[in-house]
Amino acid sequence: MQYLMENKALDIDKSFSEQVKEASGTEIGRCYQCLTCSLGCPSAFAMDYLPHQIVKMVQLGLRQPVLSSATIWVCADCQTCATRCPNEVNLVKIMDVLRETSLREGLAREHGVTDFHRIFLDNIRRWGRQHELSLIIKLKLKTRDPFSDLSAGVKMMLKGKLKLLPARFREIGKVRDIFKGAEG
Ligand code: SF4
Ligand code: SF4
């Protein structure tokens with residue numbers, strides 16, 4: 001693994017595996033590193049650690065490198081790994097827990113991705129559905145990258161794919177109740 005190969009001092013958190021197990025309801029200790037999850041993962045090409053490596057690192061208590069990895073943000077929650085794992089290790093739930101913990105502890109490294117998640121959810125909370133144009137504008141301002149993808153944006157505008165004004169969902173109250181429930 002890259003982290004191990006860089007010879008960095010290993011900070012081991014012995015309780016990390018137990019915390020992730022409790023929060024995800026998944027028996028992480030059952031993983032016997034068969035690699036099935038990594039071989040079928042459609043996002044593996046963009047990950048810094050493969051899914052089976054993330055499981056191993058959690059088992060070993062490598063809290064910091066796991067929570068600051070790109071992998072947990074690149075995972076598309078597609079369920080392929082969880083469906084195929086012979087030991088019912090649910091990597092989808094594990095990734096959810098790792099993302100939440102990473103955000104809570106300020107360890108998220110992929111700021112563009114986490115900004116996207118926040119803005120996406122803020123829009124849903126506000127209007128009950130997505131408004132792509134404001135999502136793009138807010139993300140561009142937040143990441144201070146106003147000009148990349150500009151031509152694609154203009155083409156989408158011209159084809160009517162980006163609406164100028166957001167449409168509000170009639171049952172917005174119910175959507176906000178879901179957010180309140182999820183945020184405890
Ligand atoms: S498929 Fe399951 S048992 Fe195999 S490496 Fe992945 S998590 Fe571990
Ligand atoms: S849920 Fe995530 S880790 Fe699992 S196969 Fe899909 S992208 Fe890969």
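Two residues count as being in contact if their C-beta atoms, placed from the backbone, lie within 7 Å. With that in hand, 67% of the contacts in the protein with a separation of 6 or more are between residues 24 or more positions apart. Keep in mind that this is a predicted model.

Start with the whole thing in cartoon view. You'll see 12 helices and zero strands. The C-alpha trace spans about 50 × 35 × 30 Å along its principal axes. Of the 184 residues, 20% are buried.

Now colour by domain: select 2-104 for domain 1 and 111-182 for domain 2. The C-alpha centres of domain 1 and domain 2 sit 29 Å apart.

On to the largest nonpolar core, with 24 residues. Select Ile28, Val55, Val58, Val66 and Leu91, the members that touch the most others. Helices H2 (16-24), H4, H5 (63-67), H6 (71-74) and H8 (91-104) each supply at least two residues of this core.

Last stop: centre on Val58. Leaving aside residues up to four places away in sequence, Val58 touches Phe16, Ser17, Val20, Ile28 and Val66.

How values were computed
Residues numbered from 1 in each chain as written. Chains lettered and ligands numbered in written order. Predicted model: local features only at pLDDT ≥ 70, side-chain atom pairs only at ≥ 80, totals over all residues. Domains from an automatic or database assignment. Core = buried A, V, L, I, M, F, W, Y, C linked by C-beta atoms within 7 Å. Buried ≥ 20, exposed ≤ 12 C-beta atoms within 10 Å, placed from the backbone. Helix = DSSP H or I, 4+ residues; strand = E, 2+ residues; numbered from the N terminus.
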